[in-house]
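The questions below go through a pair of protein chains step by step, and each answer works towards the value or name that was asked for. Please look at the sequence and the structure before reading on.

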Amino acid sequence: MANKTFQTGDTIGPLVKPAVTKTQLVMYSGASGDFNPIHTVDEFAKEAGLGGVIAHGMLTMAFVGQLLTETAGIEGELRKFGVRFMNMVRPGDVITCEGKVTDVKTESGQQIVSCDIWASNEKGDKVVSGRAEFAVPA
Amino acid sequence: MSLELFKPFIGVESKPVKNEVEKGAIRKFADAIGDPNPVYRDEEFAKTTRYGRIIAPPTFSRTFEYGKIEGLSYKQEGLIHGEQQFEYYKPIYAGDVLYCSTKLADAYEREGKLGKMIFLVYEQKGVNEAGETVFIARSNIIYRG
């Protein structure tokens, strides 16, 4: 299979994730060890002024991580990945992850791809936004 | 807690904690984030890839224990995770033994919409048994007292 060639301006994704569920937040709490009750206990989250449980920011970041590893492919490798958390994600939200290639360099047989990446909810509000860099065979 | 109380801890690192990377923990994490990639769960598939072994997803290092910065304690409620960054130097493989530590890299104050806020920058690191740095993670945490 020929390697994919990346160019500045290429779009990445979209990866549309299934709606976030409360069960998923419980699973992520267990898998990550982050048991902050604002993610799992509605009463606690309401008392904290959040109006109900919110997703872990790191869960949304993991969704964008999936977009990046799928884009880079099994031969590719993620080198840098950073995001800013912008809006809360709640159960029922459908998160779409996307990106845009901002630079491509060729270095010792590899394409080094820099990109902007972000995730939005179904209303179009950005929930995370950041940058990443990955290497793929040229 | 004011900024002055965080300042003495800038640059202070926790004692590294030994973490064993278990394939079951990787599978559970991949299931929780809904990532179906077989390289996170299928040993036979992983053998056909250049990795040869099960690897972990990009944000998996969040699950490790990093130890405590001695003497630094503050109210955990109401903390806001503002930013998160990772630099990857090597894949994290199932079966790896990683020594993980955290340090307070910076603490500064800014006037925001909600008044004065303290920004804490933590730098976390994972080092393998050969002494090679596998990843560096940076977290910006907003503390509102």
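Q: In which strand of chain B is the place of B:N128?
A: This is a predicted model, in which local features need pLDDT of at least 70 and side-chain atom pairs count only at pLDDT 80 or more, while totals for chains, interfaces and linings use all residues. Residues are numbered from 1 along each chain as its sequence is written, chains are lettered from A and ligands numbered from 1 in the order in which they are written, and side-chain values use heavy atoms, with hydrogens and water left out. Helices (H or I, at least four residues) and strands (E, at least two) are DSSP runs numbered from the N terminus, and the run that holds B:N128, residues 115-128 of chain B, is strand β4.

Q: Is B:N128 buried or exposed?
A: A residue is called buried under 20% relative accessible area, exposed over 50% and partly exposed in between, with a 1.4 Å probe and protein chains only. Contact means heavy atoms within 4.5 Å, and, leaving aside neighbours within four places in sequence, B:N128 is in contact with B:K90, B:V97, B:L98 and B:V134. Because its relative accessibility is 15%, B:N128 counts as buried.

Q: Which side chain makes a polar contact with the side chain of B:N128?
A: A polar contact is a pair of N or O atoms within 3.5 Å; within protein, one must be able to donate a hydrogen and the other to accept it, and residues adjacent in sequence count only if both atoms are side-chain atoms. The side chain of B:N128 reaches the backbone nitrogen of B:A130 at 3.0 Å. The side-chain partner, at 2.8 Å, is B:E132.

Q: What is the relative accessible area of B:K103?
A: B:K103 lies in strand β3 of chain B, residues 97-112. Not counting residues up to four places away in sequence, B:K103 touches B:G11, B:V12, B:E13, B:I69, B:V121, B:Y122 and B:E123. B:K103 is described as partly exposed because its relative accessible area is 25%.

Q: How much area do chain B and chain A bury between them?
A: The size of an interface is often given as the accessible area lost when the parts come together. Here buried area is the accessible area (1.4 Å probe) that two parts lose on being put together, summed over both. In this model 26 residues of chain B are in contact with 27 residues of chain A, and B:A32, B:I33 and B:R50 lose the most area on the side of chain B, together 24% of what that side buries. With 60% of it on carbon and sulfur atoms, the area buried between the two chains is about 2200 Å².

Q: Which residue of chain A meets the side chain of B:R50 in a salt bridge?
A: A salt bridge is a side-chain nitrogen of Lys or Arg within 4 Å of a carboxyl oxygen of Asp or Glu. Across the interface of chain B and chain A the rule finds two salt bridges. In the one that involves B:R50, the distance from N to O is 3.9 Å and the partner is A:E75.

Q: Which residue in β2(B) stands opposite A:F81?
A: Two strands pair if DSSP finds at least two bridges between them. Strand β2 of chain A, residues 77-85, and β2(B) pair in the antiparallel sense over five bridges. Opposite A:F81 stands B:F86.

Q: Which residue in the turn between β4(A) and β5(A) has a positive phi?
A: Strand β4 of chain A, residues 110-120, runs antiparallel to β5(A) and is joined to it by 11 bridges. In this pairing A:S120 stands opposite A:K126 in β5(A). The two strands form a hairpin with five residues between them, and the turn residue with a positive phi, about 90°, is A:G124.

Q: Is A:S108 buried or exposed?
A: A:S108 lies in the loop between β3 (96-107) and β4 of chain A. Although it is not a glycine, A:S108 has a positive phi of about 35°. Because its relative accessibility is 74%, A:S108 counts as exposed.
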